[in-house]
Amino acid sequence: MITLRSVGLFVLAAILEIGGAWLIWQGVREHRGYGWMGAGIVALGLYGFVATLQPDAAFGRILAAYGGVFVAGSLVWAAVADGYRPDRFDIAGALICLVGVGVIMYAPRGG
């Protein structure tokens, strides 16, 4: 159950961080305005809060593992929101990152 909660928090964090950055991108680069940028700033702030809810107390471990989630999530976001089509190397790289997340976060540790 703890692992499932942790995975859910990683997914929520990815949505908030990637979505927040995307909203700011849309506000600035696509000239959609301050409302989009403001929503992005709020989402990024919420991302920082969600990361603190992880059951593991090691900040470095959480952030390192989240990097792998961010890589995979960014490709999914790009495919859904922008029509980007990841190639086999994008997919392979994302899967490697997710395996890294599993090793970093969920490998059994002594002590």
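In what follows, Ala, Val, Leu, Ile, Met, Phe, Trp, Tyr, Cys and Pro count as nonpolar, Asp, Glu, Lys and Arg as charged, and the others, Gly among them, as polar. The model is predicted, so local features need pLDDT of at least 70 and side-chain atom pairs count only at pLDDT 80 or more, while totals for chains, interfaces and linings use all residues. Residues are numbered from 1 along each chain as its sequence is written, and side-chain values use heavy atoms, with hydrogens and water left out.

**First stop: the largest pocket**

Select Phe 10, Val 11, Ala 14, Val 69 and Gly 73, which lie nearest the centre of the largest pocket among its 15 lining residues. A pocket here is an open set of points on a 1 Å grid over the protein atoms alone, where a 1.4 Å probe fits, with protein on both sides within 12 Å along at least five of seven lines; lining residues have an atom within 4 Å of a point. The space in this pocket is about 260 Å³, a volume being the space filled by probe spheres set on the points, which are joined across faces, edges and corners. The lining comprises 13 nonpolar residues, two polar and no charged.

Next, colour helix 1 (2-29), helix 3 (59-82) and helix 4 (88-106), each of which supplies at least two lining residues. Helices are DSSP runs (H or I, at least four residues), numbered from the N terminus. Helix 1 gives the largest share of the lining, six residues.

**Second stop: the nonpolar core**

Which residues of the largest nonpolar core touch the most other members? Select Phe 10, Tyr 66, Val 69, Val 101 and Met 105, out of 15 residues in this core. Such a core is a set of buried Ala, Val, Leu, Ile, Met, Phe, Trp, Tyr and Cys residues joined through side-chain atoms within 4.5 Å. Helix 1 gives the most to this core, with six residues.

Move to the loop between helix 2 and helix 3, where Gln 54 is placed. Gln 54 has a relative accessible area of 7% and is therefore buried (under 20%; exposed is over 50%, partly exposed in between, with a 1.4 Å probe and protein chains only). Its side chain makes a polar contact with the side chain of Ser 6 at 2.7 Å. A polar contact is a pair of N or O atoms within 3.5 Å; within protein, one must be able to donate a hydrogen and the other to accept it, and residues adjacent in sequence count only if both atoms are side-chain atoms.

**Last stop: Arg 109**

Finally, select Arg 109 in the segment after helix 4. Arg 109 counts as partly exposed because its relative accessibility is 47%. The side chain of Arg 109 reaches the backbone oxygen of Ile 104 at 2.9 Å.
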